Structure formats: structure tokens, C-alpha cells
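Please look over the sequence and the model shown here before reading on. The report is written for someone meeting this structure for the first time.

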Amino acid sequence: MTSTVGGRSPGLALPKSELLEMYRQMVLIRRFEEAAAEQYALGKIAGFLHLYIGEEAVAVGAIHAMDEGDHLVTHYRDHGYALALGLDAGPCMAELFGKSTGLVGGRGGSMHFAAASKNFWGGYAIVSGHLPIAVGLGLASRYLGERRVAVAIFGDGATNAGPFHEAMNLAALWKLPVLFLCENNLYGMGTAVEYASAVREMAKKACAYEMPAERVDGQDVLAVYEATKAALDHCRSNKGPYFLEALTYRFRGHSMADPEMYRTKEEVEEYRRQRDPIVLFRNRLIQEGITVMAELDDIDRDVDDIVAAAVRFADESPEPDPQTVTDHVYAGSARAS
Amino acid sequence: MAREITYRDALREALREEMYRDERVFLMGEDIGHYGGSYAVTRGFLQEFGPERVRDTPIAELGIVGAGIGAAIGGLRPVVEIMTINFSLLAIDQIVNHAAKLHYMFNGQFSAPVVIRTAAGFGQLGATHSQTFEHWYAHVPGLRVVMPAVPKDAKGFLKSAIRGNDPVIFIEHSLIYRNRGEVPDDEDFLLPLEGAEVRREGTDVTLVSWSRGYYLALGAAEELAREGIECEVIDLRVLRPLDLDTVVRSVQKTNRLVVVEEGWRTLAMGAEIAAAVQEQAFDYLDAPVARVGSLEVPMPYARNLERLVVPNKDRVVEAVRQVLYRRQSVSVS
């Protein structure tokens, strides 16, 4: 497994501004999700709300390594990816509120963020269903002679489903530029990996398709960044797909409705204390002399303001116009019925 | 100018013309390349267009439909072939949860213009290879579902489907690939993916069908004409969006309706059409709407049993007599 903790990380050679931006994005995701939980409790957000707290280093590390033109499709715990792509927090929060100013106009909700402007082709909520779509995006990239890699982010639970295996086979068979990035947070909803998967290491599943694979410490943002960078280089140099397994942990329940009967409080506390990706990165940046605590605190305060403004924006935004409810069923001109 | 060609050749022409017209158009499916296509629609295409554009796939319907959706998002114009509509059930999640929904769910930012070609049909193929599910797809907002009966429609619809921006379920039928019909010569001959067509005018009863069922309806109409019963025959052609106006207009004239479908009647197209007609033309109906479909059993293999299950011309004739309250044929000569 790749980890940069305890060793000198090439990622630390990144310009300070980039390192601080990665830190800022992780904090932004954390605060955004905390605010979303609050707003959910207040009844401003409804339906399913899956929080990304604890997994921030994966989104930020991976997306920071991507080129602007790369494609991205993800699973439904998707707020973090949108924020890591640099999308404004306001429209993201407004989407959770079901407002017209939301990222997708209030039509998608928490699980279906998307931004064509960033080649973020959506959060998908049928587990593993988006993986064949990533294969198609990779196929299009190669067909059109582009240098884009299609990045698919999914959980450990997805690796037990048929679409995962069909997608892995197709991508490997056709040597397509697809990065399969598995976030192994140890639980598929409330079922632990050992009750769901014949192998505990998701990366081993890539062997069946002769696809290179690697495990990485998903709580270490620089390790994720470096591993993703290398994996993308592999894909971009026409060597076919790559499989990356990021070991991570979800600090909150599966969704807001989760009483968490399947894991102990001690386990969760242990991760929160020892493996919080933001604390780890913060300490690292200070220890390495890249920054000082006051500078990071300033970032934290800025993020608090951004998130507070995002909540205000969402709250004050109008609901979708009822007249638009039948818009967009079809892209073409013939009438929708 | 027009020529008479087969339904299969109409499809072949549509695919070839669109592939020459637009390099983004490519084909993907099981046995479409080296084998030449299960129903020979793509025979010779691999040699003509090469393996990048005529892509043999593993037997993995969900994967290839999903890849088609992704390729469409990524800027291509994929035509995915699912060998038969029976196998499309493996891909139904991709079709229903993704292809049909992306444009709406993501607020019109992008769509998945993928064409999914597949074939209905039967012929002593047993329970799992003899079904038809067009109404399952026609149920879903966001999809366009076409099921052409004649070569002209097959060509015009397929070309429009490939050029359009919506996902299209394009359903052929294994028993009509050799049917012949006139097709315009124009390489830009396109048909909008909507609208039923009155193919035979009549005054006594309206027969509605599509795909191969249209030929059963037409055969019944010709037989009944010999005894003085004039059937109006409507080829529905497109199952979503459904053109009920044409059906209702006809029922307002004939006051009687028989729907002919190949699958099970329960919760199928005939049920939907009957419901819509009673909503829109209740006062015009002089008899309950009749539906001719399969017996509600899994398809048996044995020839005699299969013949009992699938609808045939005689059962259509019988249904027409029923809505006309005529028990026996009346000799007019």
C-alpha cells in the first residue's frame, strides 16, 4: 500500500498555494457536510443525504491529480467531488435544498450532482451502474483521439455487483483510458466488507482482468494525489485501465437515517482520533514547515464564511418554477408525452 | 424516386449512410462484426468500416448498453445492438435508470443519444427467446420507442434515431426482415420519431397494431373485406410518444376498435390504448375495445402449442366479428 506518512512525499514539493488549496478543499467539504446535516435536522433538506465526512482526502487528492479535460462519474455520495472540482458551494447547497439555483436546478438532489462544464457527468445512485458509463467515456476519448481519462469513483460495495465486472472486463479488453478508483470505507451501507466480498482487498479483483492495481492510504491526501497521478499517467499513455483502491472510512452513518448498529462507537472514535484526513494533513503541513497554524486557522475561518453564505444562498433562492416540471424529459424537439 | 427493398436492407442502408455521413457513428454489439450479425443486418460492415467502428462485444448486455450511454455522453453516436429483446432485460437498469433519465435528472445539461437496436420474434425458440417487451420501455418517460413494420419506416426512423439527441429503443422483428417495401432514394430521407399511420382506410372497425402485428391486421382486413367488412388499419409505428389522436379520430369514424399485439395483453399496449380511447372517445364506442394477444403462458417449444399461443389472422378476424356482434361470416357474394 502506498502511504506518504513517515516518508518524504513528492507531493510536498507542490507549490505551497496548491497544498493550501488542497487543505482548503478538504475543510470546505467537511464544513459543507456538517452544515448539510444541520440543515437536514432543520427540515431544509429532505430525502437521502449521504455525507462524505472522513473521506475528504480521496476526492481532493484524486481530483487534484486529474487534468481539466478528464471525465468524472461517481457514486451518490457525491458532494465532495463537486466541491473538489471547484464548483461553488452555493449551488451545491441549493441543490440539497431543492432550489432552482441548485447545481442541477433542484431536479437531482443530493445523489445526482453533475456539471457538464467540468466534465463531471454525474453522481449515480444505482450501485456500480455508472462503471459501464465510464467505460463508454473512455471509449469516446480514444475514438476521438483525445487525451482524456475517464475516472470512475465507487465504493467497495460496487465491486460485488455484475456491472463492475462487465465494466472492468470491457475496459481491460479494449485497453481504454479508465481509472477505476475504489473507495473502500469497509462498509457497503451497513454490511461490512467481510460479509459481502469473497476477498477483502478490492485491488485483487483487478487481477482477474490483468489490470494493474494498487492500494493507497485514503486518509493521506498526498498519497492519494501521487497514486492517482501515476495511475492517470498510465492510462494516458495508452497502457489501458488502472485500478486504485483507497482505504478510507466514513465518519458518519451511511445516510441521515442510519442508527449505525453494524459498527462500534469505539471503532468510529478510533478513526476520528487517529485517522482524520484533515488533522493528518494539517499536522503534516505544520511539521514540514510549509505553513503555520494561524494560516490554516485563517483558511478554516474563510471556509466557515463560505459555507454560511452557501446556506444563506440556498435558503433565499426560489424553488423551481412549477411551469418547468415537464422540461428536459427529452433533448429533442418532439413532444414529451 | 423509390426502390423496393427488404426491411433488412433498409436497416443496412440507414446504418451505412449514417456511418458515412458522420464519423462519430459506430456500432457495438454481440456478433455484429466477424459473425455478421445474428440477423445479418451488419454483414460485411466490419470489412467496410473496420473494428473501431464495428465493435464485437462480450456477451454482457448491461455493460455494452452502459458503455453506449457513456460513449454518447462523451461525444459519439453509438448504435448498440442487443441480439434479441429478451436479452435487453439484462440491460434494463442502464436503459431505465440512466439513458432515460440523464437529460431530466441533470437539468438538461447533457443527454445520452444512444440508439439501442434489438429484435422481437419467435419461431420455436422456447420460453426465454420468444418474448416482446416494447411496452416495458414505452412505459418510461425519456425514452423514444419505435417498432417499424415497413422498410420505409425502418430506414427513416433509424436515420432519425441516430441523428437525434434522445435515447431510442429501436425494435425490429425477426420474422419481417425479408418483407419488401418501397423506400425513397434520398440519402437524407428522415422520418420524425412520432406519429401513427393509417395504412388502410375503412369504415366499420379500427384495427391498431405495429411491427409484425400490422401484417396480421392487414391480412384480417383483406379477408374481412371479402365479406363486406371494411377495416381501417393503423400502424402505430412509435410506441412512445404514443399518437393517440390518430387512433381516436379513427374510432370516432368506425366506432369500434381491435388492438393486435404479439405479447401478453395484461398491462400492455392494448390496455393503454383501450383506456385512452374510453377517456377520449367514450361516446363513440359501439362495442367494448377488443384486444388480441398471446395466451398468458411462457412460450412452449412444440410447434402446435406455439401456434396456440401466438396471435394469428383468424383470431384477429374473430375479434373483429366480436366487436361487430357478428358470430359467423356473412356471405356477400
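What follows is a report on a predicted model, taken one topic at a time.

## Chain A as a whole

Chain A contains 11 helices and eight strands, and its C-alpha trace spans about 55 × 55 × 40 Å along the principal axes. The radius of gyration of chain A is 20 Å, which agrees with the value near 20 Å that a compact globule of 337 residues would have.

Of the 337 residues in chain A, 53% are buried. When contacts in chain A between residues at least 6 apart in sequence are considered, 76% of them join residues that are at least 24 apart.

## A covered strand in chain A

Strand β8 of chain A, which covers residues 242–247, is mostly covered, with six of its six residues buried. In a regular strand, side chains alternate between the two faces of the sheet.

Which strands are joined by bridges to β8(A)? One is strand β4 of chain A (residues 178–184), which runs parallel to β8(A) and is joined to it by six bridges; within this pairing, C182(A) has E245(A) as its bridge partner. Another is strand β7 of chain A (residues 213–217), also parallel to β8(A) and joined to it by five bridges, where A213(A) has F243(A) as its bridge partner. Between β7(A) and β8(A) the chain passes through helix α8 of chain A (residues 221–236), and this β-α-β crossover is right-handed.

## A covered helix in chain A

Helix α4 of chain A, made of residues 89–96, is mostly covered as well, with eight of its eight residues buried. The buried residues of α4(A) are A89(A), G90(A), P91(A), C92(A), M93(A), A94(A), E95(A) and L96(A). These buried residues pack against three helices of chain A, namely α1 (16–41), α3 (79–84) and α11 (293–316). Just after α4(A) comes G98(A), which takes a positive phi of about 70°.

## Where the two chains meet

The contact between the chains involves 41 residues of chain B and 40 residues of chain A. On the side of chain B that touches chain A, the helices α3 (61–73), α4 (92–99) and α5 (102–105) of chain B each supply at least two residues, and α3(B) gives the most, with nine residues. By class, the residues on this side of chain B divide into 19 nonpolar, 17 polar and five charged.

Is G129(A) buried or exposed? G129(A) counts as buried because it has 24 C-beta neighbours inside 10 Å, and the cut-off for being buried is 20 or more. Leaving aside residues up to four places away in sequence, G129(A) touches Y124(A) and P163(A) in chain A, together with D93(B), Q94(B), N97(B) and H98(B) in chain B.

## Two domains in chain B

The domain assignment of chain B gives domain 1, covering 2–184, and domain 2, covering 197–323. The centres of these two domains of chain B, taken over C-alpha atoms, are separated by 26 Å, and the contact between them takes 23 residues from domain 1 and 19 residues from domain 2.

On the side of domain 1 of chain B that touches domain 2 of chain B, α6 (134–138), β6 (144–146) and β7 (168–173) of chain B each supply at least two residues. That side of domain 1 of chain B has 13 nonpolar, seven polar and three charged residues.

## Backbone details in chain B

Most residues other than glycine have a negative phi, and most peptide bonds are trans. Against that background, N107(B) has a positive phi near 65°; N107(B) is placed in the loop between α5 and β5 (115–120) of chain B, and is buried, with 23 other C-beta atoms within 10 Å. S211(B) also has a positive phi, near 50°, and its place is in helix α8 of chain B, residues 211–225. S211(B) counts as buried because 27 C-beta neighbours lie inside 10 Å.

A cis peptide bond, with omega about -5°, joins R240(B) and P241(B). P241(B) lies in the loop between β12 (238–240) and α9 (244–254) of chain B.

How values were computed:
Residues are numbered from 1 along each chain as its sequence is written. Chains are lettered from A and ligands numbered from 1 in the order in which they are written. This is a predicted model: local features need pLDDT of at least 70, side-chain atom pairs count only at pLDDT 80 or more; totals for chains, interfaces and linings use all residues. Domain bounds come from an automatic or database domain assignment. Two residues are in contact if their C-beta atoms, placed from the backbone, lie within 7 Å. Helices (H or I, at least four residues) and strands (E, at least two) are DSSP runs, numbered from the N terminus. Ala, Val, Leu, Ile, Met, Phe, Trp, Tyr, Cys and Pro count as nonpolar, Asp, Glu, Lys and Arg as charged, and the others, Gly among them, as polar. A residue is buried if 20 or more other C-beta atoms lie within 10 Å of its own, exposed if 12 or fewer, and partly exposed in between; C-beta atoms are placed from the backbone. Two strands pair if DSSP finds at least two bridges between them. A crossover is right-handed if, with the strands pointing away from the viewer, the path from the first strand over the helix to the second runs clockwise. The radius of gyration is taken over C-alpha atoms; the globule rule is 2.2 Å times the number of residues to the power 0.38.
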